[in-house]
Amino acid sequence: MELNFITRHIEITDRFRNYVTEKVDKIEKLADRPLELDVTVSKHHGGKGLVGGDHVELKLVEAGPVLRAESDGEDKYAAFDLAMGRMMEQLRRARDKKKIHHNGHQKPLSIHEASADAFAQLDIVPATPEDLERVNTGEHAIIPSPAA
């Protein structure tokens with residue numbers, strides 16, 4: 001996965017680059033096929049010469065939809081951690097949507113497989129074609145119950 005840093009009105013240190021690279025490994029594990037992650041870091045100006053907090057925006061380009069997360073914080077580390085948490089939540093939700101929630105996350109059984117298993121568990125023998133033909137033509141005989 002390609003990692004791009006974009007800065008506006010702020011300098012990025014090697015320490016911050018290493019911190020982000022370390023955390024990005026989690027995204028690579030959760031995302032299907034991540035292609036590119038853009039990390040945009042900018043400094044807010046509070047107006048009238050006052051210096052505000054930092055703003056971090058993450059944009060993940062993968063095989064599916066593009067995911068975005070952004071956050072503000074006192075410093076770039078705090079803002080990145082908040083944005084990373086939001087990105088991880090989006091990835092978890094996207095991954096959960098792709099799961100099959102039938103039979104303990106397994107592929108659903110076909111009707112043939114399900115009926116064969118159910119008959120085997122209940123010790124029921126399906127009717128033969130000859131029995132079905134007799135019922136169809138009205139030649140069915142009364143079958144005594146096992147308790148009688």
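# Why the labels hold: core, rings and charges

Author: The largest nonpolar core has 24 residues, and those with the most contacts inside it are Ile-27, Val-56, Leu-58, Leu-60, Met-87 and Leu-91. The model is predicted: local features need pLDDT of at least 70, side-chain atom pairs count only at pLDDT 80 or more, and totals for chains, interfaces and linings use all residues. Residues are numbered from 1 along each chain as its sequence is written, and side-chain values use heavy atoms, with hydrogens and water left out.

Reader: What makes a set of residues a nonpolar core?

Author: The members are buried Ala, Val, Leu, Ile, Met, Phe, Trp, Tyr and Cys residues, joined through side-chain atoms within 4.5 Å. Buried means under 20% relative accessible area; exposed is over 50%, and partly exposed is in between (1.4 Å probe, protein chains only).

Reader: Which residues does Met-87 touch?

Author: Contact means heavy atoms within 4.5 Å. Leaving out residues up to four places away in sequence, Met-87 touches Ile-27, Leu-58, Lys-59, Leu-60, Leu-67, Arg-68 and Ala-69.

Reader: Why is the pair of Phe-16 and Phe-80 called edge-to-face?

Author: Rings of Phe, Tyr and Trp (its six-membered ring) pair if their centres lie within 6.5 Å; planes under 30 degrees apart count as stacked, over 60 as edge-to-face and the rest as tilted. The ring centres of Phe-16 and Phe-80 are 6.1 Å apart and the planes stand at 80°, so the pair is edge-to-face. Phe-16 is in helix 1 and Phe-80 in helix 2, 64 residues apart.

Reader: How do you know whether Phe-16 is buried or exposed?

Author: The relative accessible area of Phe-16 is 0%, so Phe-16 is buried. Phe-80 also comes out at 0%, so Phe-80 is buried.

Reader: What kind of aromatic pair do Tyr-19 and Tyr-77 form?

Author: Tyr-19 and Tyr-77 are edge-to-face, with 5.3 Å centre to centre and 80° between the planes. Tyr-19 lies in helix 1 and Tyr-77 in helix 2, so this pair ties together parts 58 residues apart in sequence. Ring pairs link Phe-16, Tyr-19, Tyr-77 and Phe-80 into a cluster. The whole structure holds 4 aromatic pairs.

Reader: Why does Tyr-19 count as partly exposed? And why does Tyr-77 count as buried?

Author: Tyr-19 has 21% relative accessibility, so Tyr-19 counts as partly exposed. Tyr-77 has 17%, so Tyr-77 counts as buried.

Reader: What sits over the ring of Phe-16?

Author: The charged end of Lys-76 does, 5.7 Å from the ring centre. The rule asks for NZ of Lys or CZ of Arg within 6 Å of the ring centre and within 35 degrees of the ring normal. Arg-17 lies over the face of Phe-5, at 4.9 Å from the ring centre.

Reader: What makes Asp-38 and Lys-59 a salt bridge?

Author: A salt bridge is a side-chain nitrogen of Lys or Arg within 4 Å of a carboxyl oxygen of Asp or Glu. Asp-38 and Lys-59 meet at 3.8 Å, N to O. Asp-38 is in strand 2 and Lys-59 in strand 3, 21 residues apart. Asp-38 has 9% relative accessibility, so Asp-38 counts as buried. Lys-59 has 32%, so Lys-59 is partly exposed.

Reader: How many salt bridges does this rule give?

Author: The count comes to 7. Among them is Arg-68 with Glu-57, at 3.2 Å, N to O. Arg-68 is in strand 4 and Glu-57 in strand 3, 11 residues apart. Glu-57, Arg-68 and Glu-70 are linked in a network of salt bridges.

Reader: Where do Arg-92 and Glu-89 lie?

Author: Both lie in helix 2, 3 residues apart, about one turn of the helix.

Reader: Why does His-9 count as exposed?

Author: His-9 has 63% relative accessibility, so His-9 counts as exposed. His-9 is in the loop between strand 1 (2-8) and helix 1. Its phi is near 65°, a positive value in a residue other than glycine.

How values were computed. Helix = DSSP H or I, 4+ residues; strand = E, 2+ residues; numbered from the N terminus.
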